[in-house]
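Here's a walk through some pockets and helix packing in this model. Have the structure open and follow along.

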Amino acid sequence: MSATLSFTAPTEHGPQDITLAYARVGAGEPLLLLHGIGHHRQAWDPVVDILATEREVTAVDLPGFGQSPGLPHDLPTTNAVLAAFCAALGLDRPHVAGNSLGGLLALELGRENLVRSVTALSPAGFWSQAERRYAFTVLAGMRRTARSLPLPLVERLSRTAAGRTALTSTIYARPGRRSPEAVVAETLALAHAEGFAETLRAGRTVRFTDDVPGIPVTVAWGDRDRLLLPRQGIRAKHAIPRARLVRLRGCGHVPMNDDPAMVARVILDGSRAQEASALRTSFSTVGL
C-alpha cells in the first residue's frame, strides 16, 4: 500500500513538519528499506514480495527523493527525520536495510540503537578521498545525463537491452533485467530529485568510522560494483569488527535487481541474527 505520512521531526532549525512517501506490505517484524542517492523506494521492488513473506516491509522515499519533499540533508537531520517517521508510523525499533546512501543511514540508525538489526548494501562512507571524488563525479555525470535526455528518448532507449545498459549499467551489473518501465521511472527520479545536490554536498565530509555495538550488522557488497568499489567492504569490516561481511556475486551497486533472491536472503538472514541473539540471551537467562 502506497501512502504519505506527515509528522513533526527535530532538525537543526528546530521542529519541522515533514511529509514522506512510503509503501508498506507484508506481516511480521517491521523492516525499513532505505534507497540510495537519486533513487526512489521502487529500487526495492524486486525483493519486496520475498521479504514480505516474513516481515512487515516499509519502503520509504528519503527526503528530497521520489515523492518526498526535500529538507536540509545533513546526516543528523535525516536520521532524526527517519526516527520520527518510525515513531509516527508505529514501527518499534524496526530492522533496517539500506543501499548506498541508505546503507550509511541504516548504519547510523544502528549506531544510535534505534533499530533491531542493520543490513547495509554497498554503504556510503567507507571510501578514501580519491574514491569519494570518483563516485561523486560519476553520480554528478549520471544526474546531468538524466536531466538532459528528453522523455521520448528515455522511453525509446528503455525498450531495448542495449538502451537499458546505456542508461543504468553504472549501478546494475545486469541492466537488461530491469524492466523498461522501471528504467524510465528511475531516470525521471534521478532527474527530478530535489535533494540530490544538497545531499552530494553534505557527503563530502562523511566517513563512517564508528562501531555499531549491540545489534547484528551485515555489510554486503556486489563484486561488480562500479561506483563504490568492493574493497571498501574490507574497511567496513575493520570499522565494525562484529559485522558479517557478504560478497554478492554477480551484483552491481544496486544489487536488488541483479539477484533478488540472494539479496532478500541476505537481508532476512541478517534480521534473523537478531532473533538468534535474543534466543541465546533467553537460554542464558534460564541457565540452559
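## Pockets and the helices around them

By class, the largest pocket is lined by 11 nonpolar, 12 polar and 1 charged residues. (Nonpolar here covers Ala, Val, Leu, Ile, Met, Phe, Trp, Tyr, Cys and Pro; charged covers Asp, Glu, Lys and Arg; the others, Gly among them, are polar.) Keep in mind that this is a predicted model, where local features need pLDDT of at least 70, side-chain atom pairs count only at pLDDT 80 or more, and totals for chains, interfaces and linings use all residues. Residues are numbered from 1 along each chain as its sequence is written, and side-chain values use heavy atoms, with hydrogens and water left out.

A pocket is an open set of points on a 1 Å grid over the protein atoms alone, where a 1.4 Å probe fits, with protein on both sides within 12 Å along at least five of seven lines; lining residues have an atom within 4 Å of a point. Volume is the space filled by probe spheres set on the points, which are joined across faces, edges and corners.

| Largest | about 380 Å³ | Met142, Leu167, Thr168, Ile171, Leu190 |

Who builds the largest pocket? Helix 4 (129-148), helix 6 and helix 7 each supply at least two lining residues, and helix 4 gives the most, with 5. (Helices are DSSP runs of H or I, at least four residues, numbered from the N terminus.)

The axes of helix 6 (residues 161-168) and helix 7 (residues 180-192) come within 11 Å and cross at roughly 25 degrees; axes are lines fitted to C-alpha atoms over the stretch in contact, with angles from 0 to 180 degrees between N-to-C directions. So helix 6 and helix 7 are roughly parallel (angles under 35 degrees; 65 to 115 count as roughly perpendicular). Arg164, Leu167 and Thr168 of helix 6 meet Pro180, Val183 and Glu186 of helix 7, contact meaning heavy atoms within 4.5 Å. That contact has 3 nonpolar, 1 polar and 2 charged residues.

Helix 2 (75-89) and helix 3 (101-111) are among the elements giving it two or more residues. The axes of helix 2 and helix 3 come within 10 Å and cross at roughly 70 degrees, which makes helix 2 roughly perpendicular to helix 3.

Terms used. Angles under 35 degrees count as roughly parallel, over 145 as roughly antiparallel, 65 to 115 as roughly perpendicular and the rest as oblique.
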